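The sequence and the structure come first.

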Amino acid sequence: MKKNAVVIVGAGSTHTPGIIQSLLQKKDEFPLRKLALFDIDEKRLHLVYDIMKQFINETYPGLEVVVTTNEEEAYTDIDFVFAQIRQGGLKLRSSDEKIPLKYGVVGQETCGPGGSISYGMRSIPAIIHIIKMAKKYSPNCWILNYSNPAAVVAEATRREFNNERILNICDMPTAILLSYSKMLGLDSWQSLDPCYFGLNHFGWFTALYDKEGKDRLPELREMILTSGMTACSDKHHKDKDWQKTWKQYAEIVKDYPDFLPNSYLQYYLYSSEMVAKMDINRTRADMVIEGREQEMFAEHKKYLESPESYKSPLQEFTVFGDFIVDAASSIAYNKGERFLVIVENNGAIPNMPADAMVEVPAYIRSWGPEPVSIPAIPTFHKGMMENQLASEKLAVDAYFENSYDKALQAIAINKTVPSTTVARKILDDLIEANGDYWPTLK
Ligand code: NAD
Ligand code: G6P
Ligand code: MN
């Protein structure tokens, strides 16, 4: 069995320990010959490595490990790039959330003006740069990208690279699948084959087949309508704030019982209620800084107290880590496993544009994803998707054309935004907040 060289880009991320743990636990399915960790922030990079090195050394004695802020070193002789950067850090995530809220509009990491447009225009150049470097030093490598906003990033990488050997992914549908499987008493998210269509953070499950081929969605819908979401997925998606999402989830199913939604639809279908629940002085970025990030710093403090005897923490299972390693393994060994991924439509959803980046099931082969095609989708879902797709495409146009007007259109057309006057105010504030992270819009 050939072995793999992986570089984690954005290795200082709070999610990196989870990825490393999955890589180590899946040593038999996806053996490593080299692990490189790359970040632009040297301190964070070493912090994560400090926490994980005991576990790495124990699992893979003698493994070649490269911990670097040097691009050539990071990307040379690599088979898989796992990218999960946050361009502008949590500080700009906080602005993305607070600026729209100031005008009574949803302030969210990946949804609405702060998500698809602000974070999108910031992420695009950084991801394009990473992919160029990866392809320069390892022309045959595969790039698996988690960096958000995945929908907008996927559209930009489609235009720039035709998405050759690039797969954009999101853990949300899989995390929701994990909740479903727990509620149905099944042992893992792989126990269900999902039928699903949409855009990233904007889709619907239409069927959930178990290994006997029985669609369990009707049974699950009844459970949700009667008792709500009684199981939540992994550690990441069950803190106090995420619990609110799972509560709202049952409300979406009550109003729209035909399919089961991606939880992110709450921001589009109940925008004003979501705004009413948000606090401009304490948005999700603040909670992450006080929560997940603090936990990581506290763990590092333990390491510093006694580096010699420190044992890497065994985290609770994370969908984020397992999903990316399983997808890479399906590519590396041509397994053809079925995952929900973001791909160019090309007829998979027949009544959506061919060049839309959609989220659908695909069989993952060594030559790439083979998407599953479905019958035409209903008017409601199609209308919602076309509107959101236009906003995402306009955000990417605004980036490539340096266009203020396209950026304004991207915001004004977004379902979360009530008027052009508000859109313009938000855009002007975002231009200021993003500074050099954005191109100069003309
Ligand atoms: P984080 O701030 O904890 O970590 C991000 C890391 O990226 C930091 O160490 C930072 O220094 C580094 N970084 C920033 N810009 C960089 C660049 N240009 N090149 C290399 N490294 C860079 O963030 P996080 O909360 O762990 O999230 C990381 C990313 O993963 C975000 O984009 C987040 O939205 C995304 N994410 C995506 C999914 C998904 O479903 N697609 C799920 C979870 C997280
Ligand atoms: C889910 C989504 C990601 C998103 C994350 C935010 O996992 O799929 O795309 O980045 O949630 O979670 P957080 O805890 O950082 O708010
Ligand atoms: Mn996601």
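## Ligand 2 and Arg284

An N or O atom in the side chain of Arg284 is 2.6 Å from an oxygen atom of ligand 2, a polar contact (a pair of N or O atoms within 3.5 Å; within protein, one must be able to donate a hydrogen and the other to accept it, and residues adjacent in sequence count only if both atoms are side-chain atoms). This is a predicted model, in which local features need pLDDT of at least 70 and side-chain atom pairs count only at pLDDT 80 or more, while totals for chains, interfaces and linings use all residues. Residues are numbered from 1 along each chain as its sequence is written, chains are lettered from A and ligands numbered from 1 in the order in which they are written, and side-chain values use heavy atoms, with hydrogens and water left out.

Arg284 is placed in helix H12 (residues 284-305); helices (H or I, at least four residues) and strands (E, at least two) are DSSP runs, numbered from the N terminus. With a relative accessible area of 15%, Arg284 is buried, where buried means under 20% relative accessible area, exposed over 50% and partly exposed in between (1.4 Å probe, protein chains only). The side chain of Arg284 also makes a polar contact of 3.0 Å with the side chain of Asp239. Not counting residues up to four places away in sequence, Arg284 touches Arg93, Glu97, Asp239, Asp241, Trp242 and Arg292, contact being heavy atoms within 4.5 Å.

There are 14 residues around ligand 2, and Arg93, Asn148, Asp171, His237 and Arg284 come nearest; a residue is near a molecule if one of its heavy atoms lies within 4 Å of it. His201 and Trp242 each place a polar side-chain atom by an oxygen atom of ligand 2, at 3.1 Å for His201 and at 3.4 Å for Trp242. His201 sits in the loop between strand E7 (193-199) and strand E8 (202-209) and is buried, with a relative accessible area of 5%.

## Ligand 1 and Glu109

Ligand 1 is surrounded by 25 residues, the closest being Ser13, Asp39, Ile85, Glu109 and Tyr119.

| Residue | Part of the residue | Distance to an oxygen atom of ligand 1 |
|---|---|---|
| Asp39 | N or O atom in the side chain | 2.6 Å |
| Tyr119 | N or O atom in the side chain | 2.6 Å |
| Asp171 | polar backbone atom | 2.9 Å |

Glu109 belongs to the loop between helix H4 (89-102) and helix H5 (112-137). Its relative accessible area is 9%, so Glu109 counts as buried. A polar contact of 2.9 Å joins the side chain of Glu109 to the side chain of Arg86. Leaving out residues up to four places away in sequence, Glu109 touches Arg86, Arg93, Glu97, Gly114, Gly115, Tyr119 and Asn148.

Helix H8 (residues 217-227) packs with helix H9 (residues 240-255) at an angle of about 115°, and their axes are 9 Å apart. Axes are lines fitted to C-alpha atoms, for helices over the stretch in contact, and angles run from 0 to 180 degrees between N-to-C directions. H8 contributes Arg221, Ile224 and Leu225 to the contact, and H9 contributes Tyr249, Ala250, Val253 and Lys254.

Cys232 lies in the loop between H8 and H9 and is buried, with a relative accessible area of 16%. Apart from neighbours within four places in sequence, Cys232 is in contact with Ser179, Lys182, His237, Lys238, Gln243 and Trp246.

Helix H1 (residues 16-25) is largely enclosed by the rest of the structure, because nine of its 10 residues are buried. The buried residues of H1 pack against strand E1 (4-9), strand E2 (32-38), helix H2 (42-59), strand E4 (80-83) and helix H13 (319-332).

## Backbone features

Most residues other than glycine have a negative phi, and most peptide bonds are trans. His201, not a glycine, has a positive phi of about 55°. Asn162 also has a positive phi, near 55°, and is placed in the loop between H6 and strand E6 (166-168). The peptide bond from Asn148 to Pro149 is cis, with omega near -10°. Pro149 lies in the loop between strand E5 (142-145) and helix H6 (150-161).
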